[in-house]
Amino acid sequence: MVDLRMLPGTWCRIPGMQTEYSLFRRRFHLDASAVLHLLVSADSRYNLYLDGRLLGRGPVRGDLEHYHYERYEQEIPPGDHLLCAEVLFWNDGLQIPWSEVHFSPAFLLLGECGGVALSTPAHWKCLGDPSRSTLSWRDAWKRASVTPIAPMEAFAAGTEIDRWKEPAFDDSSWQIPVGIALPCFPELCRADPPSRWKLRESEIPQMCAEPIRIAAARNGGRGTVRISSSGSLKGSLPAGSHTVLLDLGRYYTHLFRFRASGGRGNVRIAYAEALFLSDNKCADRGPVLCGRIGENGYADRITFDGTETDFSPFWYRSGRYVELEFALEEGLALELSFAFLAYPLKCRVEFHAPEDPVLERIFETAWHTARCCAHEHYEDCPYWEQMQYVGDTRIQALISYIGSGDGRLGRQAIRQFDESRIGSGLTMSRYPSNFRQIIPGFSLFWIMMIDDYYSFFQDAKVICEHWNGVRDVLEFFENHREASGLIGPVGGWNFSDWVPGWTDGKSNRGEELPETLLNLLYAECCRLAESLAVLAGADGRVYGGRRKRVLEAVNRFCYSAEEHLYTDVPGRPWYSQHVNAWAVLAGAAEGKRTEELADAVMNDSRLSPCSLYFSFYLLEMMRRLGRRTEFRKLLSRWEAILEQGYTTFPECPWPETRSDCHAWSAGPFYHLLKFQLQQKKEEKK
């Protein structure tokens, strides 16, 4: 096997003034068939092509200390060949996606094929792409806020470099790339690194693209547009103003290809999760194209000059609806097609409920929601943030494990959260990220993620690799133990759930008091650490003692014998489903008390309710206790969402929710399968 790391080659870039979009080409000839071996990375992103066909995208998101490259191997026939790459560099620090960590514009390819050296920059050509630029958020939509996702794009037809991906293209006038730094592979570097990007190979597969059939189209003006037999939009529009509204049939994270001939003017291509009425309220979700996107959705822009147009955005767009607003001085002919882009999760399990078929709809919708929130890492939501949060990711990883048997994205997430840890020992709440945020309780969910992974795959390496992180996180909380035995206020943003009355999502309502929920999560992680320590070759007995002490303190100071409920904080008559469910899950409540708490969680209106996200743990509670009636009753919340016309599960269960697709709400997929497995075991007995 070729060790590509040892090949000569350097990071390179276009000489002189840097453009956001750069094009790179390298022609080569083979006298006989050979295997192509490539190692590729870029700052910020690349699309790589061989003989005009897409090979892959990258680099997978990481940070400068853990910067990814992709490996490509493929046998190719004799003859003339062309490698080429589109490279995007986000040069506006205020516009860079929050989940991207970069340094300076650069492209790197180390490779060979049949004895032909292919590494950059020798024999490569490059040129800035004059046809593309990123849009500021004030030009992409009319809302006051920006979002943490990648900026939208502007494309000027007629200025692109035509046929540059073809081998016969004349690139004699193109520039020669400038070598800027040797690549750094930390395992080979024994001194100061030669460049800022410390490279490691990506361990996840490429995202896959699946064709989407447009479900419906509405043309608000003259001209003819229709949905073709292949599911794309085709037609012609005369000069004038036109609005074409598309329904993709369900929510997708999609790449589109817009092709047109003729035309002068421009089009704004806007994306939205839902349609809006004239007062900017959400329209009913469903198959009828009522309402519009208008200025409520962000958008790309294309300018026409009467020639051929062929544009696809660099990164995926999100939503169910697409609206094209044309302002044309001359008419054009167009074709628009879409593909669902996501991590290649394949569902390998079945769930059947013929006596209750809506459960099958919940199951399928939850899976699709999870898929829409999985790309180069897990994401909370694809439209608004595209950030990998620990609390969300634990649920997403469990869905992947049980549904597909694929642990690679979850394994990557565990590693990335460990790499995000700060001096206190805590992980960042979301990572990769260039915008640091700490939610202490999410570090405890990270420990649970390690145990989840081991439970599914029996791979003790994950425990050994991250044991120091587990230990340091638990030490952080132990250092905040009060004389009462409770873990006291730990500072930072102690978000638990979006609950009315909880200031900033904190169960202590903004008061500096110990949070019962945080203590219960800590107790559970101490229980896990006691057994994980053995697999890591450490002595875990101390964690058993810590767990016992904190649970005793919770039962002494946070349980109301009069109300038969656990309080959210000591000495306050505040109660929640969250705390009373976790009192069971963490082992504070035992015997008859667990049944009392299960009844209270379902029937006591004084308990602050869990969101769709935290209802994952309510379902876990009912499943463990074998309470099928209550389990099914909890699922009615997701049933009601389907009745509202959603095709993915939202952040919150009401029509005006911010996000229509939020993976933390997809938990029923996991629990329906677990309950099905549990029922089959009982039937065999």
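I started at serine 22, which stands opposite glycine 128 in S10. A reminder to myself before going on: this is a predicted model.

**The sheet around S10**

I looked up the partner strand next. S2, residues 21-30, pairs with S10 in the antiparallel sense, and I count four bridges between S2 and S10. What order do the strands of this open sheet take? I read S5-S4-S7-S2-S10, five strands with antiparallel pairing. Which strands sit at the edges? They are S5 and S10 (125-128), and each of these pairs on one side only. I also noted the twist, which averages 20° from one strand to the next.

**The largest pocket**

I went for the largest pocket and got a volume of about 1,300 Å³. Its lining runs to 45 residues, and the closest to the centre are Lys165, Arg257, Asp310, Phe311 and Ser312.

The bond from glycine 58 to proline 59 is cis, with omega near -10°. Where is proline 59? I found proline 59 in the loop between S5 and S6 (67-76).

The bond from tyrosine 431 to proline 432 is cis too, with omega near 5°. Proline 432 is in a loop as well, this one between helix H4 (408-419) and helix H5 (440-457).

I then looked at glutamine 386. Its phi is near 60°, a positive value in a residue other than glycine. I placed glutamine 386 in the loop between helix H2 (358-372) and helix H3 (390-404).

**Helix pairs**

For each pair I took down two things, since packed helices are described by the angle between their axes and the distance between the axes.

First entry: H5 with H6 (residues 461-478). Their axes come within 10 Å and cross at roughly 150°. Over 145 degrees counts as roughly antiparallel, so that is what I call H5 and H6. H5 passes H6 in a left-handed crossing.

Next entry: H7 (residues 516-535) with H8 (residues 541-557). I have these two packing at an angle of about 155°, with the axes 8 Å apart. H7 and H8 are therefore roughly antiparallel to each other. The crossing of H7 past H8 is left-handed.

Last entry: H9 (residues 577-585) with H11 (residues 615-625). The axes come within 9 Å and cross at roughly 40°. Why do I call H9 and H11 oblique? Roughly parallel needs an angle under 35 degrees and roughly perpendicular needs 65 to 115, so H9 and H11, at roughly 40°, go down as oblique. H9 passes H11 in a left-handed crossing.

Methods
Residues numbered from 1 in each chain as written. Predicted model: local features only at pLDDT ≥ 70, side-chain atom pairs only at ≥ 80, totals over all residues. Heavy atoms only, no water. 1 Å grid on protein atoms, 1.4 Å probe; cavity = no way out; pocket = protein on both sides within 12 Å on 5 of 7 lines; lining within 4 Å. Points joined across faces, edges and corners; volume = space filled by probe spheres on them. Pairing = 2+ DSSP bridges. Axes fitted to C-alpha atoms, helices over the stretch in contact; angles between N-to-C directions. Left-handed = near helix turned anticlockwise from the far one by under 90°.
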